[in-house]
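Let's get to know this structure together, one question at a time. Keep the picture open while you read.

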Amino acid sequence: MGSLFRSEEMVLCQLFLPSEAVYSCLSELGELGLVQFRDLNPDMNVYQRKFVSDVRRCHEMGRKLMYLRKEINKDGIPVMDTGENPEAPQPRGMIDLEAILEELENDLREVNNNAEDLKHIFLELTELKHILKKTEVIFNEVNQQMGIAVASQTADPSWEDEQVTLLGKEGLRTGGRVRSLGFVAGVILREKVPKFETMLWRVCRGNVFLRLAEIETPLEDPLTRNPVHKSIFIIFFQGDQLKTRIHKICEGFRATLYPCPETPSQRREMAMKVTTRIEDLNTILGKTQKRRHRVLVAATKNIKNWFIKVIKMKAIYHTMNSFNFDVTQKCLIAECWVPLHDIKIIQSALHRGIKRRGSYVSHILNKINTSEDPPTYNRTNKFTSGFQNLVDAYGIASYREINPTPFTIISFPFLFAVMFGDLGHGCLMVLFAAFLVLREKSLAAKKTDNEVWNIFFAGRYIILLMGLFSMYTGFIYNDIFSKSINLFGSYWHINYNQSTVMVNKCLQLNPSLSSNYDQVPYPVGLDPVWQLALNKIVFLNAYKMKISIIIGVLHMLSGVCLSLYNYIYFKDRLSIYCDFIPQVIFLTFLFLYMVLLMFIKWISYGPQNDFPHSPACAPSILITFINMVLFKEADELKNCNTIYMFAGQGAVQKILVIVALLCVPIMLLAKPICIMRQQKDKYAQLANVHATTENGDAGAGRVVQQPSPSAGGHDENEIGELFIHQGIHTIEFVLGSISHTASYLRLWALSLAHAQLSEVLWSMVMTKGLILNSWIGGVWLCFVFGFWAILTVGILVLMEGLSAFLHTLRLHWVEFQSKFYKGLGYAFTPFSFELIINPAWNEVEE
């Protein structure tokens, strides 16, 4: 078989590269993406490797690029994606790129630092401007209050006592004017004001006078660029001791204090100067921001290309760290896994790398014989990659093991469609998948973090096939949004007169009468008359249940037959005789025989047949199968001469069961016993060889040690483990054959549930929009149709589709792949720039 049905044949190669051309050769191999290198220095830590300094330089350049990308995102500048894929620069070009990034980073940091300092100054001047404005208002209010207080002091003798409490006796003079009252003004965060007031009151014991005013417009924080709300405060006090306490409290609450003149004229003069400085700062900040924008725009044009170059250089040097130097230190030695069919392509890439470097020494590529299991490499394209991912999620295939993906491409959407069969719902899936497929290039270019969307887009071809197969099975079921299509007319006819039809709610049609039924099969699918039948569920139950068992048995048998290709390829004749043949006989003699009984029952028992071949004499397949396994005779039905479908059925069934049961001990014991005999024969041959050698060397006085019993390879413990493993495998297969066959009944159950749910949704929602006849009914129908469409897409397509998808996945993983697929390999991870750059760039974008 070709690579479509098996993984690529891999070889382990030893590669000798001249030191001066290693970088260029790896650059070519990275673009090719067909070589997986092995680490030849596993015991050496990262810091002891040869090219660790170069990796650090690349890491430092990557840090600078990340800094530039963050600054570009802050300004909301879109990154230009030209679609270019620049080559990895030569080591000399690395110095130039370092210089460019260093200059850009220094220039941008200088601009940012200058802008941050200017914004700090702008914030301080803005706060001072608000303080001067608010303090003028506060001082005017205080003066008015003081004037009122002086006028009323003669009428209120207690006024002097209150002033003494705040200012002390020495703070009063004639006329009640304040003699030595100081104040401080500043700005504090609005959320800290309550605690600030409480602290001032407690520490100063109420001997201060605090006035607050809010700044209406929020101010911008220079560091975070977030808006902050602040309040202005003025604290009046007397004495240096209170002044010291107030300064400490302001410092603790991170409040900013500003100088505020005492006289109104000085405050107005300072306000004019502050306004002038703010205007100048606005001009300077605008020019600084324009310069920063120019730097970032210039960097935006090349940042992705720079990022690709840095990632490629880092990947090359990281890979070179896994190489070894030869004795002369003039060439590097590498070991790598490569696909056998691509060796010529790899050779050409190495030639290009050496030629580009101008080296006179060629490379050497040798194949190495090894007992190590090679990696598994399955070639995929955009169509098969989704199905391959479904298989790999179960387990990476063992090396050269048969690949289930080609078979899954057909069986997976078909089994899904059996459960999801509806022409209308399948059409919705096809339309959605067709949109994704037809616009895949433009949609792939739009990077998104939506995980659900990415899953749908990655499986667009799976959805497309599932929709197409669902349309096919929906056509077979004659089901479109729970309704039928009358393409060929009905083969059933009503012979009752009009009065009988109008009076009776239910009428029965006899299929044995040619006047009621045409006695020929319907051309395609189900007759549309079953949509009106009351026994529709009973008929479809029997039909879909048998179809599910037939599909399941054939699916499992195909899985067992695929195991034969594995045994033949790996030349495992013992497994063919001890595993494959007994398994096929067991499945065929029991479950395939049950499938044959279904077809015999459909053919032999018809409505026009007389006893004993009338439908009343048709035995139950399930009861027949149970009695067959239990060696029990079924009860004879009334007016039926026999309980069997054909002559000699009882004897045939007994023979089939006995042969199937005899296969169980063969599967259980044959393989371990044969291996044990092979080991004994091998040990006997080794013993004879040693005995001959001992006799021949006896005269020379040489002593030859007798070989131990375990020298043959499998000792007693390994033989015991083999018996246990084979026993588990046999029990799993025998019991699994029964449980797996029953597991395929989920095809019948989900198909029936999907059809009934669709019918309920139509009858309980859509029919409500058809009850009105006037123009209002048309408007009402639009609303009802919208609600019905939302429920159809949300429940029947998405939820039911997800349920059917998961059940189909289980049928493939457990019932199908377990018959032949081990999945014990490890994936081929080539040195590929494409696999490295795309995830790294997506991480930067996030």
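Q: In what order do the 4 strands of the open sheet stand?
A: This is a predicted model, where local features need pLDDT of at least 70 and side-chain atom pairs count only at pLDDT 80 or more, though totals for chains, interfaces and linings use all residues. Residues are numbered from 1 along each chain as its sequence is written, and side-chain values use heavy atoms, leaving out hydrogens and water. Helices (H or I, at least four residues) and strands (E, at least two) are DSSP runs numbered from the N terminus, and two strands pair if DSSP finds at least two bridges between them. The pairing in this open sheet is antiparallel, and the order is 4-7-3-8.

Q: How many bridges join strand 4 to strand 7?
A: Strand 7 covers residues 230-237 and runs antiparallel to strand 4. Ala213 stands opposite Ile232 in strand 7. The number of bridges joining strand 4 to strand 7 is 6.

Q: Is His130 buried or exposed?
A: You'll find His130 in helix 3 (residues 91-151). His130 touches Ile215, Thr217 and Ile232, leaving aside residues up to four places away in sequence; contact means heavy atoms within 4.5 Å. Buried means under 20% relative accessible area, exposed over 50% and partly exposed in between, with a 1.4 Å probe and protein chains only. His130 has a relative accessible area of 16%, so count it as buried.

Q: How are helix 10 and helix 15 placed relative to each other?
A: The axes of helix 10 (residues 385-394) and helix 15 (residues 460-477) come within 7 Å and cross at roughly 95°. Axes are lines fitted to C-alpha atoms, for helices over the stretch in contact, and angles run from 0 to 180 degrees between N-to-C directions. Under 35 degrees counts as roughly parallel, over 145 as roughly antiparallel, 65 to 115 as roughly perpendicular and the rest as oblique. Helix 10 and helix 15 are therefore roughly perpendicular.
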